[in-house]
Amino acid sequence: ARLTDEQKQGGHARRVIESYEKWFEGKPELNILRIMGLFDRSAEGGAIKAVKADPPIKGLTSELYELSDEKWQYALNNLGEAKLLIKEGQHRPDTLDCHPLIREYFGEKLKASNPDAWKEANSRLYEYYKSQAKEYPETIEEMTPLLAAVAHGCEAGRYQEVLDKVYIRRIQRKNNLYFITKKLGAYGADLTALSGFFDP
């Protein structure tokens with residue numbers, strides 16, 4: 001929970017991130033950081049493309065929509081030089097990551113200041129991850145995209161659809177209830193998925 005609320009270092013971290021936010025105001029870098037706030041882990045290229053897809057999301061991807069590949073790379077390099085963004089490396093060159101404090105800060109800001117963009121972006125990620133998994137995954141690795149789909153679908157406010165079409169039908173297996181826990185033993189992953197359905 002909220003790393004930036006930690007008493008000793010949290011306030012300092014928040015002030016540093018706020019200064020970067022002001023520095024990148026009106027630039028593509030700020031929208032890239034906001035996109036990173038949608039994720040709770042590294043963001044693969046396909047997921048980023050899903051968020052950036054047509055039509056642009058006002059206040060989130062509208063400035064990135066017509067950005068050339070060169071300017072996109074330039075913005076990523078700027079964020080890398082500022083130590084705010086990490087490229088995963090040569091095996092996953094289009095995957096981006098950043099510190100959890102950065103994701104938390106920009107995610108909270110986007111959700112509070114532009115809830116429509118937050119919901120639309122998470123809705124796109126829900127559709128993306130839902131399509132990346134096998135219909136009925138057999139391993140926890142194969143199940144991971146569906147677990148991400150549940151998290152993003154709940155953030156998009158699509159609770160009933162997520163519960164019926166993904167959690168019960170594909171994760172728990174309607175006819176083989178509790179597949180994720182009984183067959184895979186993934187109690188932690190199951191509880192994390194369920195937590196998305198509850199308002200803290």
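Predicted model: local features only at pLDDT ≥ 70, side-chain atom pairs only at ≥ 80, totals over all residues.
Sorted by class, the lining of the largest pocket holds 16 nonpolar, nine polar and 10 charged residues.

Next, the second largest pocket. The space in it comes to about 280 Å³. Here 16 residues form the lining, with Lys-49, Lys-52, Trp-72, Gln-73 and Asp-94 nearest the centre. Two elements give two or more residues to that lining, namely α3, residues 45–52, and α4, residues 69–81. The classes in the lining of the second largest pocket are eight nonpolar, three polar and five charged.

Now to the helix pairs. In general, a pair of packed helices is described by the distance between the axes and the angle between them.

Take α5 and α6. Their axes come within 5 Å and cross at roughly 115°. On the α5 side the contact involves Gly-107, Leu-110, Lys-111, Ala-112 and Ser-113, and on the α6 side Pro-115, Ala-117 and Trp-118. That contact between α5 and α6 consists of five nonpolar residues, two polar and one charged.

Then α3 and α6. The axes of these two come within 9 Å, with a crossing angle of roughly 135°. At that angle, α3 is therefore oblique to α6. The α3–α6 crossing is right-handed. From α3, the residues Gly-46, Ala-47, Ala-50, Val-51 and Lys-52 meet Ala-121, Arg-124, Leu-125, Tyr-128 and Tyr-129 from α6. By class, this α3–α6 contact has seven nonpolar residues, one polar and two charged. Lys-52 has also been mentioned already, as one of the residues nearest the centre of the second largest pocket.

The remaining pair is α6, residues 115–132, with α8, residues 159–171. Their axes come within 13 Å and cross at roughly 20°. Because of that angle, α6 counts as roughly parallel to α8. As for handedness, α6 passes α8 in a left-handed crossing. Tyr-126, Glu-127 and Lys-130 make the contact from α6, and Glu-161, Val-162, Val-166 and Arg-170 make it from α8. In this α6–α8 contact, three residues are nonpolar, none is polar and four are charged.

Which form does the peptide bond from Asp-54 to Pro-55 take, cis or trans? This bond is cis, with omega near 0°. You will find Pro-55 in the loop between α3 and α4. The other detail concerns Lys-83, in the loop that runs between α4 and β1, residues 86–87. Phi of Lys-83 is near 65°, which is a positive value in a residue other than glycine.

Notes. Residues numbered from 1 in each chain as written. Heavy atoms only, no water. Axes fitted to C-alpha atoms, helices over the stretch in contact; angles between N-to-C directions. Helix = DSSP H or I, 4+ residues; strand = E, 2+ residues; numbered from the N terminus. Parallel < 35°, antiparallel > 145°, perpendicular 65-115°, else oblique. Left-handed = near helix turned anticlockwise from the far one by under 90°. Contact = heavy atoms within 4.5 Å. Nonpolar A, V, L, I, M, F, W, Y, C, P; charged D, E, K, R; others polar. 1 Å grid on protein atoms, 1.4 Å probe; cavity = no way out; pocket = protein on both sides within 12 Å on 5 of 7 lines; lining within 4 Å. Points joined across faces, edges and corners; volume = space filled by probe spheres on them.
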